[in-house]
Amino acid sequence: MSPQPQAAVGAPLSRVEGRLKVTGKAPYAAEHDIKGVVHAVIVDASIGRGRITSIDTDDALAQPGVLKVIHHGNAPKLPYKDNPASNNPPDGRRLRVFQDDKVLFHGQPVAVVVATTLEAAQHGASLVKVAYDAQKPSTDLAKAKADKPTKYARGDAAAALRSAPVRIDATYQVARNHHNAMEPHATIARWSGNKLTVWDKTQWVVGTQTELSTVFGVPADSVRVISPYVGGAFGSGLRCWPHTVVAALAARVTRRPVKLVLKRRQQYFNTGFRPSYEYRLKLGSNSQGRLTAMAHEMDAETSSYETFTESVLFPGQMLYSTPNVSQAYRTVPLDVNTPIYMRGPGFATASFVIESAMDELAAKLGIDPIELRLRNEPSEDESKNLPFSTRRLRECYTTGARAFGWDQRRAKPRSRREGDWLIGMGMAAGVYDTARMPAQARILLNADGTAVVDAAASDMGPGTYTSQTQVAADALGLTMRSVTFRLGDSLFPPTPPHGGSMTMASVGSAVLDGCNQVRRQAIKLAVEDRESPLYGVEAEDVVVRGGRLHTKNNPVRGETYKSLLSRNKRSHLEAKGSYAGPAAKERHSFYAYNATFAEVAVDATLGLVRVRRMLGVYDAGRIISPKLAESQAIGGITGGIGTALLEHTVTDHRDGRIVNANLADYLVPVNADVLDIQAIYLDGEDREADPLGVKGLGEVVHVGVAPAIANAVFNATGRRVRQLPITAEALL
Amino acid sequence: MSTEPEAPAPTPADGPSSGPTRRTFIATTSAVGGVVIAGGAIGGGFLASDEADAAPAAPASRVSLTVNGTRHTVTVDNRTSLLDLLREHLDLTGAKKGCDAGACGACTVLVDGHRQNACLTLAVRLEGAKVTTIEGLADGERLHPLQQAFIDEDAFQCGYCTPGQIVSGVGCIKEGHTHSPEEIREWMSGNICRCGCYVKIVRAVEQAAGRK
């Protein structure tokens with residue numbers, strides 16, 4: 001942090017954009033009022049694999065208002081150059097919309113209808129008749145052939161398992177989950193000559209910019225991407241998906257601005273998802289519960305045309321002290337669209353398996369689950385042989401155990417009953433890596449003492465607008481009100497994707513750097529200005545508070561930015577802040593941690609699970625915005641309740657169709673499902689991680705939730721359910 | 001786009017020759033009191049082009065309704081939902097489209113004082129109806145108590161479900177379903193919040209209902 005007084009950082013402030021959101025005036029992607037915009041609706045493939053033999057567009061074109069039907073038979077050929085600066089998987093070839101007759105998965109866009117009204121476009125899309133030569137798709141993870149594994153090994157896990165006195169060997173299944181943010185993915189595209197502007201739902205305006213630039217073969221600076229508000233995303237906005245290309249293509253062909261909003265159903269195959277896994281884990285331990293070996297084998301779905309991988313290996317390598325570890329991670333290509341990161345990607349899946357297995361081991365040994373974890377707490381990251389920058393997981397356990405009343409838990413399963421309800425408590429550890437990437441920000445301090453800070457960042461809900469304003473306000477010595485933070489425009493200085501919990505560390509550090517520069521410029525101006533009351537003072541003895549520069553020891557001696565700039569005839573001061581990212585060779589291992597606790601009630605006859613209360617205790621470094629951080633945690637846990645008990649994208653393997661592609665059948669938690677959730681952040685900072693001392697929040701709060709619930713279900717019922725979601729059927 | 005507060009409504013029966021051109025039927029909007037709502041956002045004036053004007057008109061009807069205190073007489077495509085009327089024609093994008101199938105509540109508005117999913121409501125059915133959207137809750141610069149409570153309690157993150165939650169909460173309070181957190185949870189369960197703000201939404205509704 002800076003030597004400045006911290007007035008805004010750490011204060012429980014309300015969201016700066018709150019008023020816009022509660023009055024319905026924050027413009028999301030489809031809500032920008034673009035003159036002359038027409039509507040596009042995608043026609044989805046109704047087969048799971050094969051080729052298109054004909055497309056009959058006559059009826060659609062005869063509809064009043066329908067302007068054009070674009071498909072592979074009449075679409076212009078697009079360059080589709082490689083785009084390494086993206087979240088496109090490096091292995092594979094991305095879906096190229098309307099470039100050939102192939103159908104790679106059910107729901108793939110095969111045509112788009114453009115019309116003057118939404119109603120006409122929707123009806124037109126239903127009238128496009130597509131004939132196919134269909135093949136039987138392969139969509140079943142359990143039956144398809146896997147790719148060669150990615151492997152990791154230390155020690156000899158196989159030998160250690162053979163000699164281990166206590167062993168667990170279990171296979172877990174995690175269902176496919178869809179992000180299902182409330183705002184559907186949407187794009188408005190407008191061409192002016194060779195320049196393209198899109199208003200898009202994205203977590204990365206820079207990534208969407210490079211994708212459209214490479215797809216259409218135009219320079220990156222000819223593409224502008226605008227995305228000031230994102231109605232949730234949880235990872236689904238980390239890639240520029242085919243529908244965004246479709247919108248831009250339709251705008252190009254029709255020479256009109258085009259708005260394309262995916263229907264809820266279409267989110268399930270036009271954007272990615274958390275892949276399903278089959279994950280076998282073997283644990284070996286001595287009789288005191290000290291782990292001697294872990295062997296992980298996992299199969300995860302990917303598409304036939306791209307190999308999607310995520311960080312599912314790390315927790316198995318560093319969460320517990322284990323001399324012998326083996327891992328084999330196999331992707332399984334299926335006739336589905338490509339997965340993408342979803343909240344706590346990889347880590348959430350691995351933590352369900354590892355933390356369930358640890359609970360199984362604790363039960364087998366008759367050791368308290370927290371005690372078992374404490375016995376296996378590593379003193380360093382054994383996968384990297386590096387010290388942890390900060391690792392306060394022990395504190396998470398003890399703080400959580402006290403706050404949650406862990407001592408009330410009965411060690412023997414199925415031993416607490418209230419009427420029809422079996423009551424149980426469970427816990428799990430959570431971990432997520434502290435990612436940071438280079439970022440930039442532009443800071444402008446105006447002569448009137450207000451400041452504008454710009455970065456191409458995103459705010460899908462965590463509170464980027466607010467927390468960055470807090471950082472800037474303190475570093476500049478201004479009130480929150482005097483600082484405007486702007487984001488979501490590719491014209492602003494570049495930032496990394498708004499994902500992986502790296503926005504605060506990366507963008508925040510760039511903002512901090514730029515604001516520090518501007519403040520120092522002003523201080524230098526003052527201490528060298530004979531007219532200034534601060535003339536001759538050592539620069540480091542000057543602080544700025546409420547827009548007024550003064551000496552640390554004598555607040556009376558000073559002047560405002562306004563008077564300083566006006567006397568020196570400066571219209572503004574400005575700086576480009578930057579953050580270079582972590583060192584190429586790191587000297588520490590960086591992770592955020594949690595201990596998550598759950599109490600459930602399970603109806604003994606109906607198998608219905610109710611989550612009565614949950615608590616998360618977090619070691620996440622410095623908390624910039626406590627009020628919003630609390631919301632993040634509560635939200636992450638709520639999402640975890642969904643993963644644990646409700647969420648499951650179901651595919652009909654006969655034709656590859658997703659049968660529950662809607663919010664009535666894909667179940668997510670509703671208000672009545674969520675009773676009591678508490679969050680505790682350990683006070684502190686991580687000085688090694690980044691200039692702000694933060695470790696990231698958005699992902700770690702989701703990791704560990706599902707296993708805490710699963711372990712509580714075991715404690716309540718004595719039934720170990722190894723499949724997510726845990727449904728009533730599994731408990732009957 | 002023409003304004004026609006008192007003119008007789010063109011009807012589909014008029015046929016293509018005497019009936020409305022696309023320019024008029026798409027979103028012919030007028031507001032009593034001299035305020036012309038910018039309803040041409042879907043491009044009425046933009047359609048100079050041949051292919052659109054060549055096709056016959058889609059069936060449309062005329063309907064008068066009051067939205068946030070302003071009376072509108074509009075001629076709309078019979079297929080238009082209240083939600084699309086608000087969002088695409090009346091420039092009121094506060095009510096959100098989350099699922100377009102009545103499953104998420106993001107489009108919740110009050111119709112004659114009752115909570116309703118605007119996505120499941122055909123606009124042409126609303127003759128004489130009084131519609132209140134999120135844009136109609138504040139009294140000038142003064143927020144509705146529930147809007148303020150949402151800010152105070154941080155009862156939202158991304159903000160997309162928020163207008164529906166707040167309008168639904170206003171309905172919930174009015175219906176008197178706020179005697180306990182359990183009751184609020186039950187009666188607010190038609191509104192999905194994917195960011196997971198339910199705990200705080202319940203607190204905000206409690207606060208505005210005067211229970212806290």
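## Notes on a predicted two-chain model

1. Let's start with chain B. Read along the sequence, the elements of chain B follow the pattern α-α-β-α-β-β-α-β-β-β-α-α-α-α. That gives eight helices and six strands. Please keep in mind throughout that this is a predicted model. Of the 212 residues in chain B, 58% count as buried. Among the contacts in chain B between residues at least 6 apart in sequence, 62% join residues at least 24 apart.

2. Next, the place where the chains meet. Here 62 residues of chain B are in contact with 55 residues of chain A. On the chain B side, two or more residues come from each of helix H3 (50-54), helix H4 (82-89), helix H5 (145-153), helix H6 (162-175), helix H7 (181-187) and helix H8 (198-209). H8(B) gives the largest share, five residues. Sorted by class, the side of chain B that touches chain A has 34 nonpolar, twelve polar and 16 charged residues.

3. One backbone detail in chain B is worth a look. B:Asp154 is not a glycine, yet its phi is positive, at about 50°. Most residues other than glycine have a negative phi. B:Asp154 sits in the loop between H5 and H6 of chain B. Is B:Asp154 buried or exposed? It counts as buried, because 24 C-beta neighbours lie inside 10 Å and the cut-off for burial is 20 or more.

4. Phi of A:Phe98 is near 60°, a positive value in a residue other than glycine. A:Phe98 belongs to the loop between strand E3 (66-71) and strand E4 (102-103) of chain A. This residue is buried, since 24 other C-beta atoms lie within 10 Å.

5. Also in chain A, the peptide bond from A:Leu724 to A:Pro725 is cis, with omega near -5°. Most peptide bonds are trans. You will find A:Pro725 in the loop between strand E30 (723-724) and helix H17 (728-731) of chain A.

6. Now for a sheet in chain A. Five strands form an open sheet in the order E16-E17-E25-E26-E29, with mixed pairing. At the edges are strand E16 (417-418) and strand E29 (676-681) of chain A, each pairing on one side only. Helix H16 (residues 705-717) of chain A packs on this sheet, where it touches E17, strand E25 (591-603) and strand E26 (609-619). The direction of H16 makes about 155° with that of E17(A). E16(A) and strand E17 (residues 421-433) run antiparallel and are joined by two bridges. Across that pairing, A:Arg417 stands opposite A:Leu422 in E17(A).

7. Strand E12 (residues 258-261) of chain A has two partners to follow. Strand E1 (residues 38-44) of chain A pairs with E12(A) in the parallel sense over three bridges, and A:His39 stands opposite A:Lys259. Strand E9 (residues 186-192) of chain A runs antiparallel to E12(A), with four bridges between them. In that pairing, A:Val261 is the bridge partner of A:Ala186. Which way do the residues of E12(A) point? A:Val258 and A:Leu260 point one way, A:Lys259 and A:Val261 the other way, and all are buried. In a regular strand the side chains alternate between the two faces of the sheet.

8. The largest nonpolar core holds 292 residues, and A:Val113 and A:Ile709 touch the most other members. Helix H13 (residues 503-527) of chain A provides the largest share of this core, eleven residues. Leaving aside neighbours within four places in sequence, A:Val113 has contacts that include A:Val41, A:Val66, A:Ala121 and A:Val128. In soluble globular proteins, nonpolar side chains tend to be buried together.

9. A note on annotation: an unreviewed UniProt entry places the feature "domain: Aldehyde oxidase/xanthine dehydrogenase a/b hammerhead" at residues 23-136 of chain A. In the model, this span is 13% helix and 31% strand, and its end C-alpha atoms lie 49 Å apart.

10. A:Gln209 is in helix H5 (residues 205-216) of chain A. It counts as buried because 27 C-beta neighbours lie inside 10 Å. Beyond its neighbours within four places in sequence, A:Gln209 is in contact with A:Ala220, A:Val223, A:Val225 and A:Ser490. A:Ile226 is 17 residues away from A:Gln209 along the chain, and their C-alpha atoms are separated by 9.6 Å.

Note on methods: Residues are numbered from 1 along each chain as its sequence is written. Chains are lettered from A and ligands numbered from 1 in the order in which they are written. This is a predicted model: local features need pLDDT of at least 70, side-chain atom pairs count only at pLDDT 80 or more; totals for chains, interfaces and linings use all residues. Two strands pair if DSSP finds at least two bridges between them. Two residues are in contact if their C-beta atoms, placed from the backbone, lie within 7 Å. Axes are lines fitted to C-alpha atoms, for helices over the stretch in contact, and angles run from 0 to 180 degrees between N-to-C directions. Ala, Val, Leu, Ile, Met, Phe, Trp, Tyr, Cys and Pro count as nonpolar, Asp, Glu, Lys and Arg as charged, and the others, Gly among them, as polar. A nonpolar core is a set of buried Ala, Val, Leu, Ile, Met, Phe, Trp, Tyr and Cys residues joined through C-beta atoms within 7 Å. A residue is buried if 20 or more other C-beta atoms lie within 10 Å of its own, exposed if 12 or fewer, and partly exposed in between; C-beta atoms are placed from the backbone. UniProt positions are given in the numbering used here, feature names are shortened, and annotations may be inferred rather than shown by experiment.
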